[in-house]
Amino acid sequence: MVAGVQIHSQQAKEAQQQLLTEDALKFLAALHRTFESTRQTLLVARETIQQRLDAGQQLDFLPETAHIRADPSWICAPPGPGLEDRRVEITGPTDRKMVINALNSGTKTFMADFEDANSPTFANMLNGQVNLFDAIRRQIDFESNGKAYKLKENPAVLIVRPRGWHLDEPRVTVDNAPVSASIFDFALYFFHNAKELIKRGSGPYYYLPKMEHYLEARLWNDIFNFSQSYIGIPHGTIRGTVLIETLPAAFQMEEILFELRTHSSGLNCGRWDYIFSFIKRRRADRSAVLPDRKDVTMEVGFMDSYVRLLIQTCHRRRVAAMGGMSAQIPIKNDPQANEVAMNKVRADKLREVTNGHDGTWIAHPLINGIAMEIFNKHMLGPNQYHIRREDVKVAAADLLNTKVPGTVTVEGVRSNVATSLAYSGAWLGGNGCIPLNYLMEDAATAEITRIQLWQWVKYGIRVADSGEVITADWIDRLVDEIAPTLKSATITEENLDIVARYLKAQVRKEWPSEFLTSDLMGYLAVRDGVPAQWQRSVL
């Protein structure tokens with residue numbers, strides 16, 4: 001065992017023996033000891049910025065980096081091998097069946113998700129790494145219930161999304177402190193697979209989530225340089241695509257690309273988390289109250305502005321401007337309803353490709369045909385970097401525009417309660433991605449439902465149809481009514497009780513919690529056998 005490193009769970013012992021080797025743990029410890037203090041400083045900086053916003057300061061483009069935005073001479077690295085054409089990307093968790101189906105889906109890339117589509121039990125995190133290890137080496141085939149799952153020739157290019165900077169990995173400590181979940185996920189994948197990926201004509205490619213400041217991108221770039229030197233591969237081998245999914249990051253897109261320019265593979269519109277962040281960062285601003293979740297579409301002012309600015313920024317710097325996720329999934333046994341849902345997907349993908357996006361996300365293999373057809377028709381080359389969108393003029397006021405057509409309705413409140421409970425209950429049970437009412441829900445959509453309920457209670461919003469004021473007591477009654485109906489094989493009564501109490505507490509807080517995943521992680525740590533001193537406090 002490496003000095004100062006402790007493993008606090010006995011879960012997934014076979015995966016631990018394969019992955020948590022002495023050399024891998026030395027690498028993890030080196031990253032932790034070199035960069036953890038910077039991560040903590042940056043997390044404190046987020047709190048400082050939030051306090052300023054609560055006091056009435058408005059977000060704006062940073063004056064100290066105006067020279068970076070004004071300089072037309074710098075561009076980002078060329079696409080890594082296999083990333084030249086990313087017109088359709090599928091995303092999903094890292095269980096073995098999902099990995100095979102996604103890599104076989106016919107999409108250009110697969111974003112294997114250790115973050116919002118994943119429940120971070122220690123078994124999920126480690127077995128997911130094993131599945132990717134095996135997929136890279138073409139040794140992932142298996143049988144289940146008499147059905148064979150085999151990897152095809154020329155599977156999709158693999159991209160990995162680690163967890164965000166805010167999360168700890170409580171099952172592993174270095175020098176009596178939990179390691180960063182981001183570093184843990186990055187390090188295991190990189191250490192075990194980078195050289196094998198290069199040998200096979202690809203590379204270690206990542207999606208980088210939840211950043212709020214260009215200095216957080218600088219931290220990733222420093223980690224990339226350190227890691228490449230550590231294992232002896234050329235600098236500039238790693239590629240990272242940054243999800244622009246927080247409101248502060250939308251004002252720093254150029255700076256984020258600049259910091260990662262030797263490793264950047266573009267930006268992505270993380271639309272659901274962006275809505276969550278729009279409400280959360282403007283929590284003290286009553287004018288930022290949004291209507292029902294279904295009304296906050298990509299066409300509303302603040303969403304459309306951020307999309308157009310992202311495309312313009314990426315193409316100016318010669319990297320991919322990736323579109324977002326359509327949450328619709330196929331509806332079996334109801335052709336009419338399925339056609340309505342698939343038409344929404346078609347409209348979404350057509351909007352993206354005609355806006356100038358270089359690719360899009362899907363959540364289900366059966367949607368690949370729709371997305372691919374639209375992008376093939378309208379994007380004749382591997383990307384659209386040549387579409388500069390010089391017509392776009394986005395000001396700070398456009399990114400902060402709160403005019404969103406729509407109302408808050410009883411159904412909107414009920415739907416948010418049901419989605420929040422169902423997703424959080426499944427997450428505690430080890431499932432981070434669930435179909436609900438023919439939408440694929442993950443942590444980001446659950447966060448929108450939680451933050452909207454808090455916002456509506458905080459500001460005493462009146463629902464348009466019944467005239468009733470949304471109060472914490474009303475949310476309590478809805479929780480008590482809806483929770484028992486959600487019990488299933490994957491959502492237990494115990495977990496529903498936990499998340500019901502959690503949601504009732506959330507709508508009563510002066511300010512909402514930053515992330516439900518941080519709040520509920522303690523339960524997973526307890527179930528993984530982590531000793532009390534390494535657990536975050538739970539409800």
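Two strands are taken to pair if DSSP finds at least two bridges between them, and strands (E, at least two residues) and helices (H or I, at least four) are DSSP runs numbered from the N terminus. The model is predicted, so that local features need pLDDT of at least 70 and side-chain atom pairs count only at pLDDT 80 or more, while totals for chains, interfaces and linings use all residues. Residues are numbered from 1 along each chain as its sequence is written, and side-chain values use heavy atoms, with hydrogens and water left out.

**View 1. Strand 13 and its parallel partners, strand 12 and strand 2.** Strand 12 and strand 13 are paired in the parallel sense over two bridges, with Met325 standing opposite Trp361 of strand 13. Strand 2 (residues 88-92) also runs parallel to strand 13, to which three bridges join it, and Glu89 has Trp361 as its bridge partner there. Strand 13 (residues 359-362) is covered on both faces, since Gly359 and Trp361 on one side and Thr360 and Ile362 on the other are all buried (under 20% relative accessible area, with exposed meaning over 50% and partly exposed in between, for a 1.4 Å probe and protein chains only).

View 2. Apart from neighbours within four places in sequence, Met325 is in contact (heavy atoms within 4.5 Å) with Thr91, Arg271, Trp272, Lys349, Trp361, Ile362 and Ala363.

**View 3. Helix 10 (residues 271-281), largely enclosed by the rest of the structure.** Of the 11 residues of helix 10, 10 are buried. Among these buried residues are Arg271, Asp273, Lys280 and Arg281, together with Tyr274, Ile275, Phe276, Phe278 and Ile279.

**View 4. The crossing of helix 15 (residues 410-428) and helix 16 (residues 443-458).** The two axes, which are lines fitted to C-alpha atoms over the stretch in contact, come within 9 Å and cross at roughly 130°, on a scale of 0 to 180 degrees between N-to-C directions. Helix 15 contributes Gly412, Val413, Asn416, Val417, Thr419, Ser420 and Tyr423 to the contact, and helix 16 contributes Ala443, Ala446, Thr449, Arg450, Gln452, Leu453 and Trp456.
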